[in-house]
Amino acid sequence: MFGMPPPLPNQSMTSVSPAVGQIGAPVAGASKIDPNQIPRPIPGSSVILHETRQGNQANPPPPATSDYIVRDTGNCSPRYMRCTINQIPCTDDLLTTSGMQLALMVQPLAIPHPSEETVQVVDFGESGPVRCSRCKGYINPFMKFIDQGRRFICNFCGFTDETPREYHCNLGPDGRRRDADERPELCRGTVEFVASREYMVRDPMPAVYFFLIDVSMNAIQIGATAAACGAINQVIADLPEGPRTMVGIATFDSTIHFYNLKRALQQPLMLVVPDVQDVYTPLQTDVVVQLSECRQHLELLLESIPTMFLENRTAESAFGAATKAAFMAMKGTGGRLLVFQSVLPSIGIGALSAREAEGRTHLSAGEKEAHKLLQSADETLKAMAIEFAEYQVCVDVFITTQTYVDIASIAVIPRTTGGQVYYYYPFSAVSDPAKLYNDLRWNVTRPQGFEAVMRVRCSQGIQVLEYDGNFCKRMPTDVDLPGIDCDKTIMVTLKHDDKLKDGSECAFQCALLYTTVNGQRRIRVTTLSLPCTSILSNLFRSADLDTQFACFLKQAASEIPSRPLLLVKDRMTNLCINILLSYRKFCATVTSSGQLILPEALKLLPLYTLALIKSKGLRTDGRIDERSFWINYLSSISTPLAIPFVHPRMVAIHDLNSKEGDQSLIPPVISLSTEHVNDGGIYLLENGEDCLIYIGNSVDSDILRQLFCISSVDEIPAQFVLQQYDNPLSKKLNDLVNEIRRQRCSYLRLKLCKKGDPSGMLFFSYMIEDKSSSGLSYVEFLVHVHRQIQLKMSS
Amino acid sequence: MSEMANTDPEGIDGVRMSWNVWPRTKVEASKCVIPLAASISPIRPHPDIPTLPYAPLRCKTCASVLNPYARVDFAAKIWICPFCYQRNHFPPHYSMISDTNLPGELYAQYTTVQYTLPLSPHNPNPNPNFNDPSMAPPPPVFVFVLDTCMIEEEMGYVKSALRRAIGLLPENALVGFVSFGTQVQVHELGFSDMSKVYVFRGSKDVTKDQILEQLGLGSSGGVSARRSVGAIGAAAYQKGGIPNGFPGSGVTRFLLPASDCEYTLNALLDELQTDQWPVPPGTRASRCTGVALSVAAGLLGACSTGTGARIIALVGGPCTEGPGTIVSKDQSEPVRSHKDLDKDAAPYFKKAVKFYENLANQLVSQGHVLDLFASALDQVGVAEMKVAVEKTGGLVVLAESFGHSVFKDSFKRVFEEGEQSLGLCFNGTLEINCSKDIKIQGIIGPCTSLEKKGPAVADTTIGEGGTTAWKLCGLDKSTCLTVFFDLSSSDRSNTPGTVNPQLYLQFLTSYQNPEGQLMLRVTTISRTWIDSAVSSEELVQGFDQETAAVVMARLTSLKMEIEEGFDATRWLDRSLIRLCSKFGDYRKDDPASFQLNPSFSLFPQFMFNLRRSQFVQVFNNSPDETAYFRMLLNRENIANAAVMIQPSLISYSFNSLPAPALLDVASIAADRILLLDSYFSVVIFHGMQIAQWRNAGYHNQPEHMAFAQLLQAPGDDAQMITRERFPVPRLVVCDQHGSQARFLLAKLNPSATYNNAHEMAAGSDVIFTDDVSLQVFFEHLQRLAVQS
């Protein structure tokens, strides 16, 4: 017996109204469903205390989106690694029957809850951490010491190793080492080892930050350059102090402008690299200098760049060449390259064409290849990205634009180098600088590592099928991460290569070798050991919805660019149906066939699937860049942020005052349905990236004044900056937004919406439970799913 | 020597000829051995040359300019061209002409006159408003190209030289600045927000179009310049209302009036560092001289045509990066020597020369000059770059260090105005008209053939030939060219009497003077034809031995460069023997009877010294030095060139005035001071006794005033020589038996060697050499000349 106590059968499943969806009466069936009875997420408001193992059994983790505090009692915290199913099917057949995915979501540097114990650092000295001599798995609480502690059996490959003499310890009566509780690596699911010399091919790299700013005409005119310079100037103060921090800066239009920031000079020296077909770095040294040496020059420079280029009439932008040149300047050390780009790269290496325009005509012509626009158009950029990764340069691209920039092509670079894309569209010089600054600040201050390599090991019988995320893969077993931070998540899909023994445990270990910002080389080892089962219902019982759905999302995101949209939609719907069908078929046979039976753990799967189908990425009405961004955003998204991204959270904010006394800053969540949106209300809807505030047509003008300092809906500004006014309601809204920002680790792009306006349409496009041009209503979708199941059951 | 020094043998015309009387036929001419050649100094100033403020009259058939040799029919208002006998009517504004009212160009003594011309005569679309006062002449442009691969100390020297130069530039002169090392940096001086440079990679050959495009000066011209960032600077600058010759051109971002950018340039020099790219041990610095010069030339390509511009390259070492490379970076591989060149073992040489040839062609087509200031202990590639300097008429100075006076003082003189000014002019064109039957083979000297064909073009070519017009992108007061003539092979003696006994040559030099004014200098000279088969006496009288010696030196140098396996010594010997056989007085096979006419008497000694000189004995020098010596040999006047071949020696002693001494080891005496001027170096040589007295400090004692004066005198004279000369010669002060004494000994006739040392008087000296002495040389010559 492992983990979860068997719940009562009627608790393990959700059945929707007995009258649902009788064959042959679809319309009638639909009407008979009580919309209030169908499954909806009910966020728990209290903090959950979670021990990862209890009684030597893995404890299934709380939902990823919930508020919880972990005590690491042998398994790693679910923040670092969680599995789609908390029991591992013994056979491949069993897994296939269930229709579920078997995958791990790994977020190795995730930020712990403030109340959680920090990851302990273990130093084995020159010899380095104890490892299995065959599979190189790291020592962990599940390695079994035998023979008076002289030998140990690897929980991955089963090999019996000699215990190193200096690591020897006698076993206690319980068969555990007597020192097991004192040694973190023997009692904690996550530990960090100090890497010895053998883990270094060179000295740990310094913290290098290179800023590359688009100063082409468009960037200047929309205020993007000024915003970028302002943000960088503020962020300089947040960069790690000390001699190991190096910075560099360059600007570009049709040429690339480097700056020599050496203190000896009276003023910065601008070095123009005009050859954008065949770039080079203009100086061997002095382009990247110690922050402490150039702080003044840097500030002066950042202040003068926007004015210096004020009259710039160069419309061309040599993004690829500039990126390459900057890379060359930091090639010797590696580091973070932060690019601020505002227009379509039009000149030099990796120049792109405005293919969106042709794409639109294709689309209207019913072109089947429309999804190709979501693929990278340029092989040069791909090759560059791989070279960057090889030299440990991690690229983040901040796209501040009002036009098409071909994110699909640009994103190859951040995705391959462990970076990410930030997207500000349409860029507003009024409302976006604050977010740009906060994004940049978080980018450089969040917990992170450089020049990392990651590998996941599994117990015999399971092996890694594929890694999925923002990294470069040069060896089949490892992923290279020039940069890795607390937000980045890697999906690791698994497959059986053998049968597992029922009753045994299957372990997964993620090892991340990286350099800290302070220049220490570390190996973070995260181990999760889960029970194996040959019972199908156990799988459904222990399914982890958040992880499963994150897996769905990432798969959808990676499929969109390579196949027609209809196929992707069908596949996503079928994934959902197949799981439910399997459950219906093998675990709920006693119930009447007229009922739609949902496994308790996965009862929200239909709703989320519907949300996914209606999301930006799977619709064709959106802009190509927006869809590309959506796809890229998902590629590294963490489990807790995955569901909200397609199924946003909506709360009412006009009545924040009335909830006096409630401790929670977040008011109750409202279902995403128009019927809950009143003309007299103001609603805030957020998905972790965007935050829309919908203002009904007949909102009390007093509330408007308190919140936004406007007197009527007509005065709603197109570009909104949240401000705090001197009244409790405004304070509450600010508190609310700040709390969401904290939860999501994201500043949010705020936008005000009103009815009868494109902004209003945008807001309503998130009303997933409504029937709309992009899909069925929630009820209709349930009926559809039920009918499909019935069809398959009867066939 | 003294009889040459005290007159002005070149006169108002600045022309000296090897033969002042010409044989009638090609056959006779070839018997004269020494070619028919004229050394011309096209813009040598002379107080008697009149400047005429109007345009010249040209013959309507042959385009030669009206001159004193034209026959004028005052009544008919007609002049007959002496070259083609075309009758030309005077234009209306000459209507007042009479035998008592002559225009300047017809005065018999004004064989050389100068015309001032309106601007841009070569412009295909001449601006009809050239009289518009706003159309000031375009200011001269100076682009400094500075090597930064050098040690701090050298960098300091060159920076201070540059600072001084910038201070001396005319206020309106436009200045550009390019620095280079591993890469090329073009400084955008007009960018006001901060220092800004365009960086070009040193390893990549870039075309002129690419350079213009990448500097934002592309073919779309002002448009792209205005579109690009730097235009801010230029716009601001133009707003300032400073007139410039390049309306709407972005090149003003890079070229600023000296008065505007002096501060910027000085600040820039303060901050300019030596090349920061690492140099691994055992390797040479990575230096891309070739690309740097290409980029500078490309930048100047954006200037409008007719702008006088010079690239002033300051180079501190060999090019090792990119096109124009002369040696690999590996220090174990030495820079090519003459031996390597001879054995074809210089792998970079031909490619580099080809590269600099292309650069030369580009510069010539733009009308711009390359000046080369090379200062390094090792070679820098002057041999390869020679073509570009020479074809554009640039200056060249080779020194050991930027701190050495050879560089420092020479560099300063380039920018000095007034008496000492070099009188640097731009955009020169030389045209030569000559009488029928005279053909031009070509020119040796700083110019480029314009490939202008005509009946006067000879079949054979010497130097820059195949033309009757040459481009002189840069020329100055002392520029000298050697023109080689040939005679048409047709036999004219069939029609005696109908032929004019006079031959005429006309040299037309148009150029822009330092003030930007367009000038045309017209020199017309006349010489006599002589039927040498009948009388060689007149021919002999017309021989100019000094000019002939220089012409032979120049021709020998050229042949050594272009003719494979050319044996210079042998060729010179044979020529001399043939000459002596033809013009000497002797009885056949009786050497003792041999005598030479005074017109030829100095020539054998010139040849003796030429054979021993650095021009022929190249293996004692590096190819860079040889190239340097030859460039100066070709561009200096006859007197100076003669000194290069046969140095002058002056002796200072107590009991006599300073007097010329024999260029012979016998002139050395313990109580004498010798002053040797070999052009490239000036040596003050103290006899042993003098040195001892000096070391004892006698010259500081009042009772030995005379000694102090004696010690002082050669120094003063050396100063005089140094002041006149460009490049400034190296001054060597040495003592008898000192190591530096070799500078003197190498030039002296080894009449006393260790073979006959016992014959010498005390206090004299011997030279340790196996070279033959002048006496031995003479004996051989006599013997061979009289052989039947």
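Analyst: We can begin with a loop of chain A. This is a predicted model. A:P426 lies in the loop that joins β21 (421-424) and α13 (432-445) of chain A.

User: Is the peptide bond from A:Y425 to A:P426 cis or trans?

Analyst: Most peptide bonds are trans. The bond from A:Y425 to A:P426 has omega near -15 degrees. That peptide bond is cis.

User: Where in chain B is B:P727, and what is the omega of the bond from B:F726 to B:P727?

Analyst: B:P727 sits in the loop between α20 (705-724) and β30 (730-735) of chain B. The peptide bond that leads from B:F726 into B:P727 is cis. Its omega is near -5 degrees.

User: What is the phi of A:K136, and is it positive or negative?

Analyst: A:K136 belongs to the loop between β9 (120-122) and β10 (144-146) of chain A. Most residues other than glycine have a negative phi. A:K136 is a residue other than glycine, and its phi is positive, near 65 degrees.

User: Are α17(A) and α23(A) roughly parallel or roughly perpendicular to each other?

Analyst: Helix α17 (residues 605-613) and helix α23 (residues 778-794), both of chain A, have axes that come within 10 Å and cross at roughly 110 degrees. Angles from 65 to 115 degrees count as roughly perpendicular. The two helices α17(A) and α23(A) are therefore roughly perpendicular.

User: Which residues of α23(A) meet α17(A), and how many residues of the contact are nonpolar?

Analyst: From α17(A), the residues are A:P606, A:L607, A:T609, A:L610 and A:I613, and they meet A:Y778, A:F781 and A:L782 of α23(A). By class, this contact of α17(A) with α23(A) has no charged residues and 1 polar residue, and the nonpolar ones number 7.

User: How is α14(B) set against α17(B), and at what angle?

Analyst: Helix α14 (residues 545-562) and helix α17 (residues 623-635) of chain B have axes 10 Å apart and pack at about 140 degrees. That angle makes α14(B) oblique to α17(B). The crossing is left-handed.

User: How many charged residues are in the contact of α14(B) with α17(B)?

Analyst: B:A553, B:R554, B:S557, B:M560 and B:E561 of α14(B) meet B:R630, B:L633 and B:N634 of α17(B). The residues of this contact of α14(B) with α17(B) include 3 nonpolar and 2 polar, and the charged ones number 3.

User: How much area do chain A and chain B bury between them?

Analyst: The contact takes 34 residues from chain A and 24 residues from chain B. Of the buried area, 55% is on carbon and sulfur atoms. The area buried between chain A and chain B is about 2500 Å².

User: Which residue of chain A forms a salt bridge with B:K204?

Analyst: Across the interface of chain A and chain B there are 3 salt bridges. In the one formed by B:K204, the closest N and O atoms are 2.8 Å apart. The partner of B:K204 is A:D275.

Terms used:
Residues numbered from 1 in each chain as written. Chains lettered and ligands numbered in written order. Predicted model: local features only at pLDDT ≥ 70, side-chain atom pairs only at ≥ 80, totals over all residues. Heavy atoms only, no water. Axes fitted to C-alpha atoms, helices over the stretch in contact; angles between N-to-C directions. Helix = DSSP H or I, 4+ residues; strand = E, 2+ residues; numbered from the N terminus. Parallel < 35°, antiparallel > 145°, perpendicular 65-115°, else oblique. Contact = heavy atoms within 4.5 Å. Nonpolar A, V, L, I, M, F, W, Y, C, P; charged D, E, K, R; others polar. Buried area = accessible area lost by both parts, 1.4 Å probe. Salt bridge = Lys/Arg side-chain N within 4 Å of Asp/Glu carboxyl O. Left-handed = near helix turned anticlockwise from the far one by under 90°.
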